[in-house]
Amino acid sequence: PWLGGTILHMGKWGPEPHQVLVSIVSQANSLLMDPVEELESTDTALWRRGGAPGQSAPFDGADTQENAASIVYRTLCQLVQERGRAVVLIDALDEMVGGRADYSFLPTILPEGATVVLTCRPVRGIVGHICRRFRPSVLEIAGLSENDARLITGVTDSAWIGSLHQASGGSPLFLRGKGAEVAMKGSFKKVRPAEGDRAIFQGQMEIWSADPVRYHALCLLTAMTHVAGVQQDWLQGWLEFNENPLSAAKVRLVLEPVRGQLEGVEEDGIRFAVRAFSEFLVRTGIGKRDMRQVLVGVSNWLASDEDIDDTVVADFILCWSSQQNVPDRKQREVVQGLVGLLGDRGRVGPLIQLYRKWVQQSRSKLPKVVLLALEMAVENDSTEAMYELGRRRLSGRGIELREVDGLRLLTAAAVSYTHLTLPTICSV
């Protein structure tokens, strides 16, 4: 009761708009004596009904977006009424959906006593979009001072500190990296202060590359950066797939030299602590060609390891097959090939999850990779896939109109799906 109505959501906790919305309402209810209605990802108050029975599509149209924004507004009103204030902090917007999240679930006008704080790195597209939509007060946080640089690095030489501060702009990550380098080499005179963050990242990668097993772990973490935190048993499975079977204790030992570069180790959702490092790896550290080979390996592993949750596999395909996220065509094609591997192995679950997740993103035209997923699921006798593909073929919604194929698929679905009757097909 002594806490104000404060809510925190980190971008990497849940990057999708509906995940942020559910997080806000859930946290608010934990602070309220008279809670608002709890939301679930399939709540009909949020999501427009559509698709097969029990399925729905969030954020499909202005009505749903307005409804979502009104839910946040009412939640903030309730917090202000009970707690005297409401503060929502959404951190790391640039880590949400590749930095292209839809913020329409946030109301453009806040109730009196409510504040929403949004943070991100200075990514022009995100900052511009937020400023146009919400007209917020903008605060640019300055870097650390030269005196801070002295304290962090332990170096007092004025010329060296001045050069370091100018090159770093006062970036805490940069200063900490240089401080570690000074400590490792024993003298600041052996460290070039003006080298940029690329030099720091290169030094970090050298530590990863010094051990083949650690390098394999680096590759998996890079591939999963925008997908999910890597659980330790996934990492063990990945290493075993690469003929490096290790116990959980030995995996922790291998990661110890790079522990400071990671987060989520204790929570069993390992990620790079600094997203810019993963971007460096994809762009330069591992490189375009080698990254393709990494994706080949990860795709084959995901297809063969049934311990990985279906939703994680689906998220991986959606992330790496998106032209917006992945400019390299061959990298996209590698991951799109994972759909065929799943179909060949009869793994319908990830294929259906891929379609469901695409529907939740409410895009109009069915992408090639999602259509292939539905077709592969149909070949593996998935009733849901027959129904979904059938009704789309019959209506031409999102894909090429093929009425005969649509009726055939819906009939096949009705035969195996007991509650889909002939009247249901006729109504479709």
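This is a predicted model: local features need pLDDT of at least 70, side-chain atom pairs count only at pLDDT 80 or more; totals for chains, interfaces and linings use all residues.
Me: What is the mean pLDDT of the protein chain?

Reply: pLDDT is the predictor's confidence in each residue, from 0 to 100. Here the chain mean is 83, and 86% of residues reach 70 or more. Residues are numbered from 1 along each chain as its sequence is written. Local features need pLDDT of at least 70 and side-chain atom pairs 80 or more, while totals for chains, interfaces and linings use all residues, and side-chain values use heavy atoms, without hydrogens or water.

Me: Where does pLDDT stay under 50?

Reply: Over residues 42-63. The model has 57 contacts beyond four places in sequence for that stretch, a contact being heavy atoms within 4.5 Å.

Me: How many salt bridges does the count come to?

Reply: Side chains of opposite charge can pair when their charged atoms come close. The rule asks for a side-chain nitrogen of Lys or Arg within 4 Å of a carboxyl oxygen of Asp or Glu. The count comes to 13. One of them joins Arg292 and Asp328, with the closest N and O atoms 3.0 Å apart. Arg292 sits in helix α12 (residues 288-304), and Asp328 in the loop between α13 (310-320) and α14, 36 residues apart. Helices are DSSP runs (H or I, at least four residues), numbered from the N terminus.

Me: Is Arg292 buried or exposed?

Reply: Buried means under 20% relative accessible area, exposed over 50%, and partly exposed in between (1.4 Å probe, protein chains only). Arg292 is buried at 14%. Asp328 is buried too, at 11%.

Me: Which residue forms a salt bridge with Asp315?

Reply: Lys357, with the closest N and O atoms 3.2 Å apart. Asp315 lies in helix α13 and Lys357 in helix α15 (residues 348-360), so the pair ties together parts 42 residues apart in sequence. Asp315 is partly exposed at 23%, while Lys357 is buried at 18%.

Me: Which residues are linked in a network of salt bridges?

Reply: Glu400, Arg402, Asp405 and Arg408. Within this group, Arg402 pairs with Asp405, the closest N and O atoms being 3.9 Å apart. Arg402 is partly exposed at 35%, and Asp405 is partly exposed at 25%.

Me: Which residues line the largest cavity?

Reply: On a 1 Å grid over the protein atoms alone, a cavity is a set of points where a 1.4 Å probe fits but cannot get out; lining residues have an atom within 4 Å of a point. The lining here is Gln232, Arg252, Leu255, Glu256, Arg259 and Val265.

Note on methods. On a 1 Å grid over the protein atoms alone, a cavity is a set of points where a 1.4 Å probe fits but cannot get out, and a pocket is an open set with protein on both sides within 12 Å along at least five of seven lines; lining residues have an atom within 4 Å of a point. Helices (H or I, at least four residues) and strands (E, at least two) are DSSP runs, numbered from the N terminus.
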